[in-house]
Structures are given as C-alpha cells and as structure tokens.
Amino acid sequence: MNTSLCFPWKIAVATSKAFTLFTNSPAALKLAIAATALFSVAANALAQTCAGCLDPTFGGGGVVVTATTGPAIGSTEVDSVLQSNGQLVLLMTAANPGTTIRNSIGRLTADGNVDTTFGVGGFRDIVWSAPNGGIASTIAIQIVQTGSGPGERFVIAGGFPCGRNSSCLHIERYTNAGSLDTSFGSNGVSTLDFSPSLCGSATQSDQKVLFACGDNVARINSNGSADSSFGKNGISQAKTGLFIRTVTVLSNDRILGVGELPKGTNRDFAVARFNANGFRCVALFAERLARFSRSNKEES
C-alpha cells in the first residue's frame, strides 16, 4: 500500500492531540474533531483513487476475513465465481473435528459483507456422505431458464469415492438462494465415472459445463447429464500424461486445457487444445514455456 495515504490521517491525529493538549475549550475540541473527520475523508478519497491500493469500500479496509459455519477447525477457499450483480460466491473446504472434510458455499455482497440471505447465515454447508467425505474443487455459474426468467445457478464438482475407480467426478447444482437444485441430474446430483484430481471448470455459451481433471476433460449438458456428443460418453482423455488444472472456452468453441507434464523430478508447463467435440487437435502445442523443479522431498 502507498504509505503516503497514511499522511492525512497522521495530520488529523496530530491536530486532535495538539488541540486537546493545549486547550480544554469546547470550541477547540469541536475543531479537532472536525479536522480529524476532514482528513479521514481525504485519506479515504485518496485510497479510492490510488492505483493498486486496497479498496477501503470493500469489507474492512479492502479485506474480508470470514469462516464457514458449523464446527469447523479451519476453512480454505478453493474457487470462486462472480455473479452478474457483483456478488461473489466462494467455494470452500473445511475440516471438522475428527478430520471429516466438509464443503461449503458462501456468498459476499458486492461491498464485501456476508450475504445472510444465502443458505443459512450466508453459507451452505455440504457433506458428501463417504468416509471422510469428498472434496469439491471447482465452481461454475450456469444460466437456467425458470418460470420468472433466466436465473443463475452454481455448479460444484470434485472427487468422490464411487464406481469402479477409486474416485469419480461428483457434481451438484445449487440455486441462487443456496438450496440443492433437484431439477439438475438426479435430485441435484450428477456423477461421471472417471478418477479426477483437483479440477477446473468453465461454462460454455450454451450452458454446458466443462471440467478439466488430470488427463481428462469432461462435459455435461445444462441439465446435468453427460454430453454424449463430447469425447466418449462425455469424457475426453488427452492420453498425454498431462495434469490439466484449468480449462477455458475459446471463441471458436475449441477448448484450452492448461496444466503441467511430469518429467522426472521436474514438471513442464503444458497446454492442450481440444476440438468442440472433445477430440484433441493440438496436444502440447506449447511445451517448456516455463519449467520449475520440485525435489522428491517437495513432491512427497
């Protein structure tokens, strides 16, 4: 932060102390209070126009610190989406006593306050019933047609023990109020049978949702069913050994997956591009753009 922004406030405090120190007159005290207020307003105005400074109109001095509801011993924000009205929806994970993993969705207003109209007190706690629960790692926004017009919905996804694999991609959708949307998939839940690592997601213009997990890119229809026109039964495998972390939809409907390629104790930055139908058209068209090393100790 630009330290010069503190200067008006220091002047205000010094002015107030000077007046109260050398005189006890009510007029002088009122003047000191007025000076403090004036310089405080000036400092706030400067902060709002300072390029790169924290925005004092958001939360407390530009920062919001909050925790999920419930008996969690710690919470971590893993992903977020911005609604059309400026509200910020956060996806978090939290550890309950006993190490059970709990997912949570929270919402902040545009000015950084917890939106208490969402879920319960601003949060929706989610426990995927399995040993130690499943971990949600990505959130996306879908626009859904409702009886009152288009509305925003929140799609979360992550790994969950099921099927023939050690973990499947578990997907749920929530309403704008924070309730499970039972019109999605099967009573609000959809599952794709492949083993994901931490995922990234993106929503296409037709409201189909893409998930990039490890070496896979998957796509579901807007209603939560697997998109059979994409890859094989909704899943496209790059088969390159890539760990895709994020996915982006390009203007020509091709799909860009960005991640890394393990190479011994090193990892190369790598990019894969898929056609709109999920088949790989260019795999690793950018390789070794950047390389970073991780020792075996760091890997463990």
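1. Thr146 has Gly149 of β6 as its bridge partner. The strands concerned, β5 and β6 (residues 149–160), pair in the antiparallel sense over 11 bridges. Here two strands are taken to pair if DSSP finds at least two bridges between them. Strands (E, at least two residues) and helices (H or I, at least four) are DSSP runs, numbered from the N terminus.

2. The model is a predicted one, in which local features need pLDDT of at least 70 and side-chain atom pairs count only at pLDDT 80 or more, while totals for chains, interfaces and linings use all residues. Residues are numbered from 1 along each chain as its sequence is written, and side-chain values use heavy atoms, with hydrogens and water left out.

3. β5 and β6 belong to an open sheet of four strands, ordered β5-β6-β7-β8, with antiparallel pairing. Because β5 (135–146) and β8 (189–192) each have a single partner strand, they stand at the edges, and one side of each is left without a neighbour in the sheet. From one strand to the next the twist averages 25°; axes are lines fitted to C-alpha atoms, for helices over the stretch in contact, and angles run from 0 to 180 degrees between N-to-C directions.

4. The loop between β7 and β8 contains Asn187. Its phi is near 55°, a positive value in a residue other than glycine. Asn187 counts as exposed, with 56% relative accessibility. The classes are buried (under 20% relative accessible area), exposed (over 50%) and partly exposed (in between), with a 1.4 Å probe and protein chains only.

5. Gln207 is placed in the loop between β9 (199–203) and β10. At 15% relative accessibility, Gln207 counts as buried.

6. The largest nonpolar core has 15 residues, of which Leu169, Ile171, Leu192, Phe194, Phe211, Cys213 and Ile220 touch the most other members. Two or more residues come from each of β6, β7 (168–174), β10 (209–213) and β11 (216–220). The most is given by β10, with three residues. Such a core is a set of buried Ala, Val, Leu, Ile, Met, Phe, Trp, Tyr and Cys residues joined through side-chain atoms within 4.5 Å. In soluble globular proteins, nonpolar side chains tend to be buried together.

7. Strands β14 (residues 255–263) and β15 run antiparallel and are joined by nine bridges. They form a hairpin with two residues between them, and Gly264 in the turn has a positive phi of about 65°. Leu261 has Asp268 of β15 as its bridge partner. Strand β15 (residues 266–274) is mostly covered, with seven of its nine residues buried.

8. Val63 lies in the loop between α2 (26–49) and β1 (75–82), and is partly exposed at a relative accessible area of 42%.

9. Met92 is part of strand β2 (residues 88–95). With 4% relative accessibility, Met92 counts as buried. The C-alpha atoms of Met92 and Asp125 are separated by 9.3 Å, the two residues being 33 residues apart along the chain.
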